[in-house]
Structures are given as structure tokens and as C-alpha cells.
Amino acid sequence: MGTEGFFKPELEPGKGLGGICLGARVQEILAIMQRHPEVFSNVEVKFAEDGSSDLLIECPDIGLNVICRSRDQRVRLLELYRPRDFTVLFCDVPCCGPSF
């Protein structure tokens with residue numbers, strides 16, 4: 001995904017969702033979210049101050065959790081926990097969302 005334009009929630013199995021890629025740095029993910037406030041209007045960052053647990057970037061409005069390892073701050077897991085609330089595309093075809 002480029003830095004301009006709209007957010008396209010394309011699912012890439014084993015890679016990521018809409019430019020939010022496994023292995024990406026926290027800074028990169030937050031930059032994507034800042035560029036697309038129409039999608040990521042409510043973002044919560046949760047972490048343990050002592051770094052003992054993973055860092056969580058939660059987007060409750062769309063039901064997305066981005067879980068990052070605390071030691072290197074890289075994405076290790078993407079969790080879409082309310083797939084009926086957010087349209088996701090696979091090969092440009094909706095695979096979940098409000099229309100399902």
C-alpha cells in the first residue's frame with residue numbers, strides 16, 4: 001500500500017491486512033493509522049511499563065487488534081475479532097463484513 005489514497009483492507013494470508021504487515025515496526029503501523037483517520041478513528045495503545053508483555057494496538061471501532069512483541073516492537077499477530085463489522089477483501093472480493 002502506498003502512502004497516499006484510501007485504506008484498502010486487502011487480506012494477504014501470512015503477510016498482513018491493508019498494509020499492516022507481520023514484522024512491521026510499531027511506528028510504521030501508527031503512521032498508517034494516522035494517514036487513515038476515517039478507518040482508524042479510535043486507536044488505543046496498551047503496554048506494560050516494564051516491557052514484560054506484548055504491546056497491543058487496539059482499534060475497537062473496527063474490531064482489530066495489532067499485537068507486537070515488546071522487545072523489538074514488531075507486529076507478531078493481527079486479530080480481527082468482529083469480522084462482521086469491517087469489510088475485508090481477498091483478491092478484491094469481500095470475504096467478511098456487514099454484507100455477510
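**Entry 1: Asn-65**

I began with Asn-65, which counts as buried at 10% relative accessibility; I use buried for under 20% relative accessible area, exposed for over 50% and partly exposed for what lies in between, computed with a 1.4 Å probe on protein chains only. Before going on I noted that this is a predicted model, in which local features need pLDDT of at least 70 and side-chain atom pairs count only at pLDDT 80 or more, while totals for chains, interfaces and linings use all residues. Residues are numbered from 1 along each chain as its sequence is written, and side-chain values use heavy atoms, with hydrogens and water left out.

I then looked up where Asn-65 sits, and found it in strand β6, residues 64-68; helices (H or I, at least four residues) and strands (E, at least two) are DSSP runs, numbered from the N terminus. Leaving aside neighbours within four places in sequence, I found Asn-65 in contact, meaning heavy atoms within 4.5 Å, with Leu-56, Ile-57, Glu-58, Leu-77, Leu-78, Glu-79 and Tyr-81.

**Entry 2: Leu-78**

Leu-78 counts as partly exposed, because its relative accessibility is 22%. When residues up to four places away in sequence are not counted, Leu-78 touches Gly-16, Leu-17, Ile-20, Leu-22, Asn-65 and Val-66. I also looked up its separation from Leu-30, which is 48 residues apart from Leu-78 along the chain, and the C-alpha atoms of the two are separated by 14 Å.

**Entry 3: an open sheet**

Next I looked at the strands β1, β2 and β3, which form an open sheet in the order β1-β2-β3 with antiparallel pairing. Two strands pair if DSSP finds at least two bridges between them. The edge strands are β1 (11-12) and β3 (20-21), each of which pairs on one side only. Between β1 and strand β2, residues 16-17, I found antiparallel pairing over 2 bridges, and Leu-11 stands opposite Leu-17 in β2.

In soluble globular proteins, nonpolar side chains tend to be buried together.

I took Leu-64 from that list for a closer look: not counting residues up to four places away in sequence, Leu-64 touches Leu-17, Ile-20, Phe-40, Ile-57, Glu-58, Cys-59, Glu-79, Leu-80 and Tyr-81.

**Entry 4: salt bridges**

I found that the structure holds 7 salt bridges, a salt bridge being a side-chain nitrogen of Lys or Arg within 4 Å of a carboxyl oxygen of Asp or Glu. In one of them, Lys-46 meets Glu-58, with the closest N and O atoms 2.8 Å apart. This pair links distant parts of the chain, with Lys-46 in strand β4, residues 44-46, and Glu-58 in strand β5, 12 residues apart. Lys-46 is partly exposed at a relative accessible area of 38%, whereas Glu-58 is buried at 14%. I noted too that Glu-44, Lys-46 and Glu-58 are linked in a network of salt bridges.

I looked up two further pairs. The side chains of Arg-71 and Asp-72 meet in a salt bridge at 3.8 Å, N to O; Arg-71 counts as exposed at 70% relative accessibility, and Asp-72 as partly exposed at 23%. The side chains of Asp-85 and Arg-82 meet at 2.4 Å, N to O, and here Asp-85 is partly exposed at 41% relative accessibility, as is Arg-82 at 29%.

**Entry 5: the cysteines**

Last, I searched the whole structure for disulfides and found 0. Cys-95 is in no disulfide, and the nearest cysteine sulfur, that of Cys-96, is 4.6 Å away. Cys-95 counts as partly exposed at 34% relative accessibility, whereas Cys-96 is buried, with a relative accessible area of 14%.

Methods:
Disulfide = S-S within 2.5 Å.
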